[in-house]
Amino acid sequence: MSDTADSDDLFALPGLDHAAPKAGFPPQELFAQVAYEVVHDELLLDGVSRMNLATFCTTWLDDSARRLMNESLDKNIVDKDEYPQTAELEKRCVRMIADLWHAPDAANTLGTSTTGSSEAAMLGGLAAKFRWRARGGSGTPNFVCGPVQVCWEKFARYFDIEIRQIPLRADRLTMHPDDVVAHCDANTIMVVATFGQTFTGLFEDVAGVSAALDRLHAGGGPDIPVHVDAASGGFLAPFTAPEVEWDFRLPRVRSINASGHKTGLAPLGAGWAIWREKSDLPAELIFDVDYLGGSMPTFNLNFSRPGGQVITQYYWFIRLGRTGYTRVQSAIYEVTRHLAEGLSRLGPFEMMHDGRPERGITAVCWRLRGEQGFNLYDLSDRLRGRGWLIAAYPLPEGRENETIMRAVIRHGFTHDMADLLLADVQRCVNQLERHPFSTSLTRAESGGFTHSAKPAVPNA
Ligand SMILES: *Cc1c(COP(=O)(O)O)cnc(C)c1O
């Protein structure tokens, strides 16, 4: 069909003389290149992903990674017997990550790839629930956490588990270890500590939380495990702040999730859930599938999933190794620090996370220094006009009246881009000071590009 049309001008072809169907199932067919053009052109309005500093996710891939993704488009990761080497690469990634996170027996513990941290978090939470029940737990299970990503609210709702979110204290931006124990009881299946908070990018004090739970147990209280949501921190701190203890070095940490498609550098659709020891993943959650004449354990919410993400994750692991990841992540921190310093120098902003590797992820988080002639929603809106997507949103419960702004700096963001952004921030601030926005602009109108279930809180 397309051959016959090759000599015609694309935009004069039938199918482009009217708008593409949008509601009912399309009654007729289109030439492939016409349909392609329609879809391609509509997506021009999506903006440029590398200028989206609201997301934590990978927006830059090298040519080799793209080639591997392309070559594995047709591979279903669940077909372990049919694609044994894809299954093998997944197993190797699990062992590598377990080793990176100091699992006591990294070669033999259990873990799995997932579609992202959300699925991995749910698997970690479900395992904690099954372990609690095996210990004789009954009644309504609960878990305790600080300000968390929306996946934990989903976990609570979908699986009927009470979420006990500790409100922020006035002087803190993360869960305070001293507040944890008061929220725990015999039905607490786990405490979730976030290593790289969604709101600010800051690391929660996992060691402090763990020590508080040690004291609770030593005093005759329940023995409550910790799950670490290291969605974005899990592939940073091991390389750039190895002295920070947040992983399986803390015996109370029984499971960890991370997003391969965030700081792991893998393409979208890669997450990891790793258990401290085999025995931390209850057998009821494991199903066996055929694998090279034997069987292989699986424990996922999905059945079919693309295999390319895991294949490409493995590529990054062997390509970069510890030295390479350290180099790459350090370079991203340097750009982050450069942006933070530049923003500080502009005057109206106070940094809440300035990108120090031992404090949090490669993100800058700031608020206004006192009253200014504009607010951060206005600034976010202005910056959008130049193509920058930077979220403004309220802090979580306890400090919900404060507005902050956050820029996540990722692989592929250069010093030059940071300088362009700084110049644009300066220009927008000048404009806003000269021509203040109408204050009637609502948050949804000025910052509606976030993807959260809760309006205006960026969870991407
Ligand atoms: C991004 C994120 C998640 C969700 O991860 P996905 O990979 O997007 O499913 C969960 N927790 C935290 C802390 C995150 O930053």
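I began with helix H11 (residues 376-384), which lies across E10, strand E11 (363-368), E12 and E13. H11 runs at about 35° to E13. My terms: helices (H or I, at least four residues) and strands (E, at least two) are DSSP runs, numbered from the N terminus. Axes are lines fitted to C-alpha atoms, for helices over the stretch in contact, and angles run from 0 to 180 degrees between N-to-C directions. Contact means heavy atoms within 4.5 Å.

I noted that this is a predicted model, where local features need pLDDT of at least 70, side-chain atom pairs count only at pLDDT 80 or more, and totals for chains, interfaces and linings use all residues. Residues are numbered from 1 along each chain as its sequence is written, and side-chain values use heavy atoms, with hydrogens and water left out.

**Entry: the four-stranded sheet**

I looked up the strand order and found E10-E11-E13-E12, an open sheet of four strands with antiparallel pairing. Two strands pair if DSSP finds at least two bridges between them. Strand E10 (349-353) and strand E12 (391-394) stand at the edges with a single partner strand each, so one side of each has no neighbour in the sheet. Neighbouring strands here are turned by 35° against each other on average, direction ignored.

I then checked one pair. E12 and strand E13 (residues 403-408) are antiparallel over four bridges. Ala391 stands opposite Arg406 in E13.

**Entry: the seven-stranded sheet**

I read this open sheet as E1-E7-E6-E5-E4-E2-E3, with mixed pairing. The twist averages 20° from one strand to the next.

Strand E5 (residues 226-229) and strand E6 (residues 253-259) pair in the parallel sense over four bridges. Val226 stands opposite Val253 in E6. Helix H8 (residues 206-218) packs on the sheet and touches strand E4 (188-194), E5 and E6. The direction of H8 makes about 170° with that of E5.

**Entry: the ligand**

I looked up polar contacts next (pairs of N or O atoms within 3.5 Å). A polar side-chain atom of Asp229 lies 2.6 Å from a ligand nitrogen atom. One of Ser259 lies 2.8 Å from a ligand oxygen atom.

How values were computed: A polar contact is a pair of N or O atoms within 3.5 Å; within protein, one must be able to donate a hydrogen and the other to accept it, and residues adjacent in sequence count only if both atoms are side-chain atoms.
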